[in-house]
Amino acid sequence: MAKEKNPRRAAENEAIATARMLRTSTQKLNLVAEMIRGMPVDRALNALVLSKRRIANDVRKTLQSAIANAENNHGLDVDELVVAEAYVGKNLILKRGRPRARGRFGRIEKPFSQLTIKVRQIEEQA
């Protein structure tokens, strides 16, 4: 019986980079990830540099890591790379609290997220 490839692994024309323990909520991080999905990598980098969101800098670093992985580990052409996937997942949550009225305790949750960016090389059509 032939062994199937893991669908989570990258194909021959793809490269992946993951950032874990990003100190922001998944909802805020997904807004930035949604902004760059499907873009060519040079346009995506420009959009992240010009973004006013604080987490955009960490997303830019992760995208640059994916580009470097594509170039060095897979031998792909940087000019033909596109952000194929950018998805966000939950990570741990710091639980903190604050005393409230009448002896109660107000719970404060400080979430962490993780980001996975997959870039894919596409051949330009003439």
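Modeller: Two strands pair if DSSP finds at least two bridges between them. Helices (H or I, at least four residues) and strands (E, at least two) are DSSP runs, numbered from the N terminus. The model is predicted: local features need pLDDT of at least 70, side-chain atom pairs count only at pLDDT 80 or more, and totals for chains, interfaces and linings use all residues. Residues are numbered from 1 along each chain as its sequence is written, and side-chain values use heavy atoms, leaving out hydrogens and water.

Biologist: How many bridges join β2 to β3?

Modeller: β2 covers residues 81-99 and β3 covers residues 105-121. The two strands run antiparallel. The bridges joining them number 16.

Biologist: Which residue in β3 is the bridge partner of Glu-85?

Modeller: Glu-85 has its bridge partner in β3. That strand spans residues 105-121. The partner is Lys-118.

Biologist: Which residue in the turn of the β2-β3 hairpin has a positive phi?

Modeller: Five residues lie between β2 and β3 in this hairpin.

Biologist: Is Arg-54 buried or exposed?

Modeller: Arg-54 sits in the loop between α2 (41-50) and α3 (56-72). Buried means under 20% relative accessible area, exposed over 50%, partly exposed in between (1.4 Å probe, protein chains only). Arg-54 has 56% relative accessibility, so this residue counts as exposed.

Biologist: And Leu-22, buried or exposed?

Modeller: Leu-22 belongs to strand β1, residues 14-22. Its relative accessibility is 8%, so Leu-22 counts as buried.

Biologist: What distance separates the C-alpha atoms of Leu-22 and Asn-73?

Modeller: Leu-22 lies in β1. Along the chain, Leu-22 and Asn-73 are 51 residues apart. Their C-alpha atoms are separated by 25 Å.
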